[in-house]
Amino acid sequence: MAVLTSRADERTRERVDVVPAGPVRRLPWAPVVFWLYAATLMLPILWMFLMSIRPNEDILGGFELIPDHVTFANYRTFFTDGTWSDSYRNSITYTSMNAVMSLVVAVPAAYAFSRFRFAGDKHLFFWLLTNRMAPPAVFLLPFFQIYSSVGLFDTHLGVAIAHMLFNVPLAVWILEGFMSGIPREIDETAAIDGYSLPRFFWKIFLPMIRSGIGVTLFFCFMFSWVELLIARTITSVNAKPIAAQMTRTVSAAGVDWGLLAAAGTLTILPGAVVIWFVRGYIAKGFALGRV
Amino acid sequence: MSEVAKPKNNRAWFLVLPVVVSVAFTAVIPLMTVVNFSVQDIFSPDDRVWVGLEWYRTISRDPEVRAAFVRTLLFSAQVLLVEIPLGVAIAVAMPKRGIGVPFALVVVALPLLIPWNVVGTIWQIFARGDIGLGGWVLRRLGVDFNYALDSTDAWVTVLVMDVWHWTPLVVLLAYAGLRSIPDAYYQAARIDGASAWSTFRFIQLPRLRGVLTIAILLRFMDSFMIYTEPFVVTGGGPGNATSFLSILLSKIAVGQFDLGPAGAFSLMYFLVIQVVCFVFFTVLTRTGR
């Protein structure tokens, strides 16, 4: 009997081996389709970059595929004119603050959701997610009033707190997915070994969900970085985001397209750097969250 | 949340307390303020009159609001119809192994990391007939393309911009879903001599249900709330052609400073999104179970 089974196994294995390796039967045109799509994605960005290295007279002077005169004057203006580089720094500051703060409040909550049942847990989880469905325009006026009255108007902390509106639910959602992937036996074993909850958390649990934390930071950074409406409403000078600064390039002489394009190109950089670091986990972070 | 014999412990509330407090400050208090606006006629901070549901009636009968509602719904429907199939197709075509993978991921994720008004700026430049590559090519092909004057052109520009901006999200989600399918499934399909199409239809697509549910929900919410990008490119125009609900709302709230109607508008807007999401969620998770 045993002999028969093992022979059957061998036969199956042989048949499987004949099948070429690789998860999918590759469609011959798939790479062509994909890289064409990737090129299309890059085209508008590339166009903006090309515009940023041309003088304004050339930009408005007429259409040209390859720039005649290459200049870095627009970038020089960006870095020497204080309002531009300040607003760039403002955006990076509140975005980083927001990512850290969202993470700090979301980690314990995500742990609670993934490990315990408690009164109202499911309702709370879904209620958190519904906050992502609030159109930001809804909150503009009350935000302006509330943040002014508590002294958070035009501060980095104010914007960081305001952006927790959509980042905290997201962080809880992603982290809960990662934490549920870790068997509960780990917690129990640690408890038997005499670890207190905080020590277990710090020494064992957090290192285990390292990639989840990276992904969460990435998404919080991303959503805070791209948001303009709320950030613009509750800031004026000291914490003005780069994106808001960009809406003020229109002067008496018309739109300064070159400077606008240079600023636009520079706003893409932090995102590109961050993606490169978490490239292996981007896709995973989305898939693990649950609705 | 997996429900396999989790211990019941109400002290877990202490762990969620920070989240509840932070969300209460950022969401609940502002929302209550909006509720407060919506039932009053506000002349000045000290001069307010209780008007009950009057503003809700006014807003729901307003022809401009109704037109914007239909427009936004149409936009969301088109966004979903284009982005979901396109995103899945691209994810299937995306490289699964080799040195191309990290580059593919970075390129696809890049549009998601661009500030929304910069996305608007990019397309404002790109689609211009005189200085933008996209508009210039269209003109060369004999299309009289001008998004600032022609309503159809403006609509198409905003739609193409959204497809460019957000299809990558669907691609990443679907790609993650595809990666989680064990190799054994494909081998079984190959032994059965399944065609590429039936492999997709009977193995890949069913396993994508979860991520596609998330993708459809996120894309619906965000496209229904779209503001910054069309505001930069078209400002809601020409005329009212691309004046979506959020653009109209912020015109009433910030432009005209009509707090009462804006409050009622906001809450009805919020409610519509929640109801539609709930319906999508229920339908998508019930069918095929």
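In this predicted model, helix H8 (residues 156–180) of chain A packs against helix H11 (residues 210–226) of chain A at an angle of about 160°, and their axes lie 9 Å apart. Helices are DSSP runs of H or I with at least four residues, numbered from the N terminus; axes are lines fitted to C-alpha atoms over the stretch in contact, with angles from 0 to 180 degrees between N-to-C directions. H8(A) is therefore roughly antiparallel to H11(A), a term for angles over 145 degrees.

Which residues of H8(A) meet H11(A)? Among them are His163(A), Phe166(A) and Leu170(A), and the H11(A) side includes Val215(A), Phe219(A) and Phe223(A).

Turning to the chains, the contact takes 90 residues from chain A and 88 residues from chain B, where contact requires C-beta atoms, placed from the backbone, within 7 Å. On the chain B side, helix H1 (residues 13–38) of chain B gives the largest share, 13 residues.

Finally, confidence: chain A has a mean pLDDT of 81, pLDDT being the predictor's confidence in each residue, from 0 to 100. Residues 1–23 of chain A fall below 50.

Residues are numbered from 1 along each chain as its sequence is written, and chains are lettered from A and ligands numbered from 1 in the order in which they are written. Local features need pLDDT of at least 70 and side-chain atom pairs count only at 80 or more, whereas totals for chains, interfaces and linings use all residues.

Definitions and conventions:
Contact = placed C-beta atoms within 7 Å. Helix = DSSP H or I, 4+ residues; strand = E, 2+ residues; numbered from the N terminus. Parallel < 35°, antiparallel > 145°, perpendicular 65-115°, else oblique.
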